[in-house]
Amino acid sequence: MKRSIKDLRGFLDLLNESGELATIRVEVDPWLEIAAITDRVCKQPNGGKALRFDRVKGSAFPVLTNLFGSRQRTAWALWTDHVEHQADRLAAEIAKIPVGSAEEKLLQLVDNPTWLPRLVPNPPCQEVVEKDRPDVSIIPALKSWPRDGGRFLTMPMVFTRDPATGRDNCGMYRVQIFGPQLLGLHWGKAADGARHAAAWQARKKPMPIAIALGGDPVLTYAATAPLPPGIEETAFAGYLRQKSLESSRCLTSELEVPALAEFVIEGYLLADQTLPEGPFGNHTGYYAPPEPVQVMQVTAITHRHDALYPCTVVGRPPMENCYLAKATERLFLPLIQTDHPEIKDLNMPLEGIFHGCALVAIRKEEAGQGKRIIRDLWAKGFLRGSRLLVILDEDVRVQDFSESFWRTLNHLEPTRDVVIDGSKIGIDATRKGPDEGKTQVWLQQVELDDKTRRLVQRRWKDYDIDAP
Ligand SMILES: Cc1cc2nc3c(=O)[nH]c(=O)nc-3n(C[C@H](O)[C@H](O)[C@H](O)COP(=O)(O)O)c2cc1C
Ligand SMILES: [Mn+2]
């Protein structure tokens, strides 16, 4: 870790000093142009640089894209040089807890007052206050793709509070801008924000919402992480950085938001109202069709002096969000292993990441284990939504897609090895024993014997093949 990052500005300084930031000084348009530039950069090897657009048409505020768009930058955002180090630490601390499921152990580690945010007075995120006639269009939200239904906030941290427990949630759900004080919230049915909305509605009370942009990027990551509903993202972020975040009280509600955010949009949910949202060029690389979403009425916008607007462009992979997903793959592997010790490794190839496609290496010890793990992974945990699961033996290097594909095709006997459940498919591509039904008789891998290998190695120069 080069040095600690406490907010987006600190993170930008780190990127700049490390040669990971490009600053675009000519004027650019948030309507399609910024997304097109970002898309092109995301397609460069290793994800390209983070981008800072200093002069944005129609706005006083700079736009930042591709901040998390490489393994290195995402690691830095998570307060480490390698995400694996955070994963190893998590694994070690989980291992010290003697009993419980992965979820219970994670709760025990993270749900601790030490990691909860501390309220601070005079927060930077309230340096400028727009309360009389707040207008969201001061924020240079992008329209990314030609058929997008409008402008969207694509990296928002959406804060809501559970009315029963008083616990806060911070989830990343895209937000469409419908008007100066009207926003559409695209939370999925299972998202914690949607659950909170239903709970407030049942109590017939308007739900306060706060949308924060910027702040310590570790919380931006946590807002995307598949945490169980009982775990607060702010506490998880505090745990990852081993230091609690600073928060501030909203001006028009009781909600708390990161004190070091760049922008905060405050408001509440309009009861019984929906508006059509989308289309939206999505992370799959396909448009999400228009659908009704719940609507937020804005009551205040606060921001820092010289605020920066962070956002992401999603589309055909590889894109920035792939690196967030890869961080989750590494960080949540120890948790999956807690519940399923036979799992050795996991690879979610970028092309399929947002369909939950995963290659899973297991230590197979009994007949039927491959299919059983498929059903277990679909039952709970962060792979439950996987549309394609492939289970391989522990000697397969699942990080090597070519090797995994080759092994799968050789081991696969579709009538025996495929599990379909609803709209999901699982493939058990492990070696099958004689007790597992129809077996391929010739499942013997072609390999050299040691003696010949050594002979050729010894004589390699004599063959004179590599000579110029
Ligand atoms: C860039 C980006 C955009 C996302 N957009 C949405 C979205 O519009 N709706 C949604 O339900 N989840 C979306 N997600 C996934 C959620 O952030 C993720 O499921 C998170 O765990 C939700 O938090 P929650 O469990 O507290 O609800 C998005 C993730 C990323 C990285
Ligand atoms: Mn949550």
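**Close-up views of a predicted model**

**View 1. An open sheet of three strands has the order β4-β12-β13, with mixed pairing.** Two strands are taken to pair if DSSP finds at least two bridges between them; strands (E, at least two residues) and helices (H or I, at least four) are DSSP runs, numbered from the N terminus. The edges are formed by β4 (118-119) and β13 (256-258), each of which pairs on one side only. Strand β12 (residues 246-249) runs antiparallel to β13 and is joined to it by three bridges. Within β13, Pro258 stands opposite Ser247. The model is predicted: local features need pLDDT of at least 70 and side-chain atom pairs count only at pLDDT 80 or more, while totals for chains, interfaces and linings use all residues. Residues are numbered from 1 along each chain as its sequence is written, chains are lettered from A and ligands numbered from 1 in the order in which they are written, and side-chain values use heavy atoms, with hydrogens and water left out.

**View 2. The manganese ion (ligand 2) is coordinated by Asn169 (OD1), Asp192 (OD) and Glu233 (OE), at 2.1 Å.** Donors are N, O and S atoms within 2.8 Å of the metal (3.2 Å for Na, K and Ca); water is not among the atoms, so the site may look incomplete. Along the chain, the donors follow the spacing N-x22-D-x40-E. Asn169 in strand β8 (residues 168-171) and Glu233 in helix α8 (residues 233-241) are 64 residues apart, a pair that links distant parts of the chain. Asn169 is buried, at a relative accessible area of 4%, and Glu233 is buried at 5% (buried: under 20%, 1.4 Å probe, protein chains only).

**View 3. The largest cavity has a volume of about 60 Å³.** A cavity is a set of points, on a 1 Å grid over the protein atoms alone, where a 1.4 Å probe fits but cannot get out; lining residues have an atom within 4 Å of a point. The lining includes Leu8, Phe68, Met155 and Pro310. β11 (208-214) and α7 (217-222) each supply at least two lining residues. By class, the lining has eight nonpolar, three polar and no charged residues.

**View 4. The second largest pocket holds about 310 Å³ of space.** A pocket is an open set of points with protein on both sides within 12 Å along at least five of seven lines. Of its 16 lining residues, Cys357, Leu359, Leu388, Val390 and Phe401 lie nearest the centre. α11 gives the most to this lining, with five residues.

Key. Buried means under 20% relative accessible area, exposed over 50%, partly exposed in between (1.4 Å probe, protein chains only). Grid points are joined across faces, edges and corners, and a volume is the space filled by probe spheres set on the points. Ala, Val, Leu, Ile, Met, Phe, Trp, Tyr, Cys and Pro count as nonpolar, Asp, Glu, Lys and Arg as charged, and the others, Gly among them, as polar.
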